[in-house]
Amino acid sequence: MGKHTPDPWIEIYDDDYSCVNITTEYRDGSIIPICRVDVGFVGEIEDEQRENIKLIKAAPDLLAALKDLLGDRHSVQGGICQVCGRDYLPEMIDGDCPSEDCPSFIARAAIALAEAVQS
Ligand SMILES: [Zn+2]
């Protein structure tokens with residue numbers, strides 16, 4: 001598994017202000033964009049693009065926070081999911097909650113998506 005670009009992720013505008021480069025600090029004397037978000041629209045699309053920039057910049061912290069929140073303990077302990085409260089006794093004593101609407105399930109899926117090996 002690889003590692004993502006170290007944070008903080010910052011935004012730097014192109015010279016004509018038509019695009020925001022999400023990047024990290026200068027590395028080896030150059031800026032290497034992580035992604036580019038077009039801006040300069042009007043109305044709802046521009047608002048969404050600005051919100052997308054914020055979300056992308058927060059991605060490293062969001063991933064780290066999800067991992068910290070889940071920790072290394074299973075969500076189901078003693079047969080009860082400690083997150084959604086479902087009772088899995090007697091089938092499961094300890095394990096990961098299998099309910100797709102449980103926040104712990106959603107968090108594990110998001111982490112797996114972020115850390116999936118590209119083929
Ligand atoms: Zn649960």
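Q: What pattern does the protein chain follow, read along the sequence?
A: In this predicted model, the order is β-β-β-α-β-β-α. That comes to 2 helices and 5 strands in the protein chain.

Q: And how confident is the predictor in the protein chain, on average?
A: The mean pLDDT is 92, and 97% of the residues score at least 70.

Q: Which elements have the lowest and highest mean pLDDT?
A: S1 has the lowest, at 92. The highest belongs to strand S5, residues 80-81, at 98.

Q: OK, strands. How do S1 and S2 run, and how many bridges join them?
A: They run antiparallel, with 4 bridges joining S1 (residues 10-13) to S2 (residues 19-23). If you want a pair to click on, Tyr13 has Val20 in S2 as its bridge partner.

Q: How many residues sit between S1 and S2 in the hairpin?
A: 5 residues. Tyr17 is in that turn, and its phi is near 60°, which is a positive value in a residue other than glycine.

Q: Is Tyr17 buried or exposed?
A: Exposed, because Tyr17 has 9 C-beta neighbours inside 10 Å, and a residue with 12 or fewer counts as exposed.

Q: What about S3, how does that run against S2?
A: Antiparallel again: S2 and S3 (residues 35-38) are joined by 4 bridges. Asn21, for one, has Arg36 in S3 as its bridge partner.

Q: Switching to helices. Where does H1 bend?
A: At Ala59, by about 50°. H1 covers residues 44-70, and a proline, Pro60, follows the bend residue within four residues.

Q: I'm looking at Leu63. Where is that, and what does it touch?
A: Leu63 is in helix H1. Not counting residues up to four places away in sequence, Leu63 touches Ile111 and Ala114. Both of those fall within helix H2, residues 103-114.

Q: Why does Leu63 count as partly exposed?
A: Because Leu63 has 16 C-beta neighbours inside 10 Å, and buried would take 20 or more.

Q: How far is Leu63 from Glu44?
A: Their C-alpha atoms are separated by 27 Å, with the two residues 19 apart along the chain.

Q: How is the protein chain divided into domains?
A: Into domain 1, residues 1-59, and domain 2, residues 73-119. The centres of the two, taken over C-alpha atoms, are 32 Å apart.

Q: What radius of gyration does the protein chain have, against a compact globule of 119 residues?
A: The protein chain has 19 Å, whereas a compact globule of 119 residues would come out near 14 Å. The C-alpha atoms fill a box of roughly 65 × 40 × 25 Å along the principal axes.

Q: How much of the protein chain is buried?
A: Buried residues are 7% of the 119.

Q: And what share of the contacts join residues at least 24 apart?
A: 24%, counting contacts between residues at least 6 apart in sequence.

Q: Which residues is Cys102 in contact with?
A: Leaving aside neighbours within four places in sequence, Cys102 is in contact with Cys81, Val83, Cys84 and Cys97.

Q: Last one: how far apart are Cys102 and Ser75?
A: 9.8 Å between their C-alpha atoms, although Cys102 and Ser75 are 27 residues apart along the chain.

Methods:
Residues are numbered from 1 along each chain as its sequence is written. This is a predicted model: local features need pLDDT of at least 70, side-chain atom pairs count only at pLDDT 80 or more; totals for chains, interfaces and linings use all residues. Two strands pair if DSSP finds at least two bridges between them. Domain bounds come from an automatic or database domain assignment. pLDDT is the predictor's confidence in each residue, from 0 to 100. The bend at a residue is the angle between axes fitted to the seven residues ending there and the seven starting there. Two residues are in contact if their C-beta atoms, placed from the backbone, lie within 7 Å. The radius of gyration is taken over C-alpha atoms; the globule rule is 2.2 Å times the number of residues to the power 0.38.
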